[in-house]
Amino acid sequence: MLKCSSMNPKSRKPAGAPAPKGQPQKSRWVKNTLFYAVVIFVALMLFAALRPANNLEEVAFSDLVRKVSDGKVAKIVESGSELTITLKDEENPTKKSRIPTGASASEQGLNIEKVEYVVEAPDNTSDMLWSAASIIIPMILIIALFIWIMRSAGAQNNQSMGFGRSKAKLYGKDKKQTKFAEIAGNDEAKEDLVEVVDFLKHPKKFAEVGAKIPRGVLLVGPPGTGKTMLARAVAGEADVPFFSISGSEFVEMFVGVGASRVRDLFEKAKKNAPCIIFIDEIDAVGRRRGSGMGGGHDEREQTLNQILVEMDGFETGQNVIVLAATNRADVLDPALLRPGRFDRRVNITLPERKDRLAILKVHFEKKPVEKDVDLDALAAKTAGSSGADLANIANEAAIRAARQDRKIINNDDLTQAFEKVSIGPERKNKVMNEKDRELTAYHEGGHALVAQILPDSDDVHKVTIIPRGATGGVTWTLPPEDRPYTSVVQFKDILARALGGRIAEEIVYGRDKITTGAGSDLRNATSVARDMIIEQGMGTKLRDQVFHETEGGLMFDKMTRDRPYSEKTAEEIDHEVNQLIEEAARRAREVINANRSLLDKIKDALLEHETLDADQVKKIFAGAKLPEAAKLY
């Protein structure tokens with residue numbers, strides 16, 4: 001998409017919760033909790049209702065004897081040992097008392113002849129109910145608790161029984177379907193997938209001529225290019241059910257679970273045929289076997305084995321197609337890629353300029369934009385961007401307009417959104433002192449000077465000393481057009497441009513005062529140089545040879561596998577890389593020394609304006625010269 005040289009203020013080394021349960025499980029838990037809370041509440045209320053209640057003020061028996069003798073008591077009701085007293089001329093005339101044990105009331109000195117004395121049989125109903133409740137209610141609570149424990153154990157058992165079931169999501173005909181017409185770009189990939197749709201819609205047409213329906217289609221492409229969306233479009237065009245699952249959802253810590261889920265998924269698919277099974281990020285489970293310490297007993301390998309068996313075990317007429325997506329096809333097991341399993345491979349590339357324009361139009365279709373918004377210019381600048389990148393740019397542009405309380409998106413919103421997505425947001429709040437600002441201006445000026453003068457370098461798009469993202473400043477270069485290939489001279493200009501900042505610091509301040517600001521530039525330059533030698537065969541002595549080292553496999557595999565070249569070759573690779581870096585540094589030094597006054601000029605402009613666009617840079621560098629020593633022959 002773009003190439004940036006950045007000034008890092010410091011070099012720093014970069015320093016899992018269980019998944020939340022589903023909403024239905026949470027609802028059941030809430031219902032169970034409420035149910036048992038209601039049971040306990042009702043039990044407490046029942047206890048309170050059945051318990052005998054007598055809140056009358058109690059009078060000591062000796063006081064009662066004295067009150068009767070004084071004629072202050074009108075009536076006494078005896079019920080067992082309880083006495084209910086009605087007093088004369090008092091605000092609360094009803095009281096209670098109790099006959100001391102051992103003798104009757106009269107025997108204990110109570111003169112019952114001076115009052116109306118009534119004897120009633122005691123009512124023991126409430127006492128009996130209270131006694132019964134004291135036994136029955138605790139039993140009910142114990143039984144309820146036991147039932148709750150059993151239900152919880154049953155739920156855990158059901159969960160363990162469903163552990164081996166597939167977690168694939170089914171998108172049937174009742175869901176909103178995606179069509180090819182809704183997806184911009186990737187015309188070649190869509191043409192390949194149209195045949196898959198035809199297989200699903202008209203299987204008899206192919207069966208009549210003896211053709212077999214392809215069992216698997218592998219979608220290969222960089223992240224964000226729309227592999228999942230194209231898979232859904234195949235299901236939408238064919239109007240069939242769509243099972244979607246990620247490769248990582250098969251694998252668990254228990255051996256055999258992944259294989260069980262694979263079996264369950266394919267059984268469901270056969271019942272819903274014709275249909276599509278879509279496995280996203282299949283490299284999570286489909287990597288080459290024999291690379292782990294567990295050997296054939298490894299859970300991932302057993303899961304892969306089951307996928308291989310299921311894909312090769314379809315019965316005739318099942319009409320089930322497996323779509324899988326990955327951006328690492330090089331690490332997949334060869335048995336997975338052979339004919340009979342994944343019969344077809346559809347390469348989904350990064351969109352070209354016309355495709356990027358079509359994608360941008362789709363994303364801005366429902367967004368209010370000004371009439372002069374130039375999507376074509378944005379498509380030209382976003383070379384190397386994926387569909388996801390373009391969607392993000394469109395969204396950031398809309399967010400910026402909304403934050404500024406505007407209802408319409410303008411060209412400035414597009415530019416700022418593009419720069420924010422590509423090189424990070426501006427950090428204007430980060431304050432640098434004048435010495436650091438000058439150092440950053442010289443550093444970025446060195447990048448820009450080398451990039452502008454070298455003949456095969458990309459054009460300078462913008463230079464800034466405002467910190468953006470993790471960088472202290474940025475020199476941003478963009479290719480004039482989409483480039484399918486990169487030549488040796490272009491690679492060498494990239495290396496020289498990357499080292500321009502460090503060389504500018506060295507020329508201005510001296511070798512002993514260079515800073516860590518060039519850390520990311522040096523890492524990028526070293527990576528490009530090694531790629532030229534190891535992957536592209538662009539060395540001097542090691543020309544036309546590739547020394548590719550596979551990045552797949554586990555650490556144990558890397559420890560036990562020999563490199564595909566000798567120690568002597570490894571030394572030669574290091575020597576070739578060192579030669580490329582030294583040559584790039586020499587060329588950058590020749591360019592900057594020959595145009596030393598222009599370096600000071602762009603430094604002054606950056607300190608004044610902080611950010612310079614392409615036209616301003618060209619104006620400053622008017623009259624720059626390319627020294628003979630910096631040319632490639």
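The structure is a predicted model, in which local features need pLDDT of at least 70 and side-chain atom pairs count only at pLDDT 80 or more, whereas totals for chains, interfaces and linings use all residues. Residues are numbered from 1 along each chain as its sequence is written, and side-chain values use heavy atoms, with hydrogens and water left out.

Helix α14 (residues 434-453) packs with helix α19 (residues 596-609) at an angle of about 125°, the axes lying 8 Å apart, and the two helices are therefore oblique to each other. Contact (heavy atoms within 4.5 Å) involves residues of α14 including R437, E438, Y442 and L449, which meet residues of α19, among them R596, D600, K603 and L607. By class, the contact of α14 with α19 comprises nine nonpolar, two polar and six charged residues.

Elsewhere, an open sheet of four strands with mixed pairing has the order β4-β3-β2-β5, where pairing requires that DSSP finds at least two bridges between two strands. Because β4 (94-98) and β5 (116-120) stand at the edges with a single partner strand each, one side of each is left without a neighbour in the sheet. Neighbouring strands of this sheet are turned by 20° against each other on average, direction ignored. Strand β2 (residues 73-79) runs parallel to β5 and is joined to β5 by five bridges, with V77 standing opposite V118 in β5. Helix α2 (residues 61-69) packs on the sheet, where α2 touches β2, β3 (82-87) and β4, and the direction of α2 makes about 140° with that of β2.

Conventions:
Axes are lines fitted to C-alpha atoms, for helices over the stretch in contact, and angles run from 0 to 180 degrees between N-to-C directions. Angles under 35 degrees count as roughly parallel, over 145 as roughly antiparallel, 65 to 115 as roughly perpendicular and the rest as oblique. Ala, Val, Leu, Ile, Met, Phe, Trp, Tyr, Cys and Pro count as nonpolar, Asp, Glu, Lys and Arg as charged, and the others, Gly among them, as polar.
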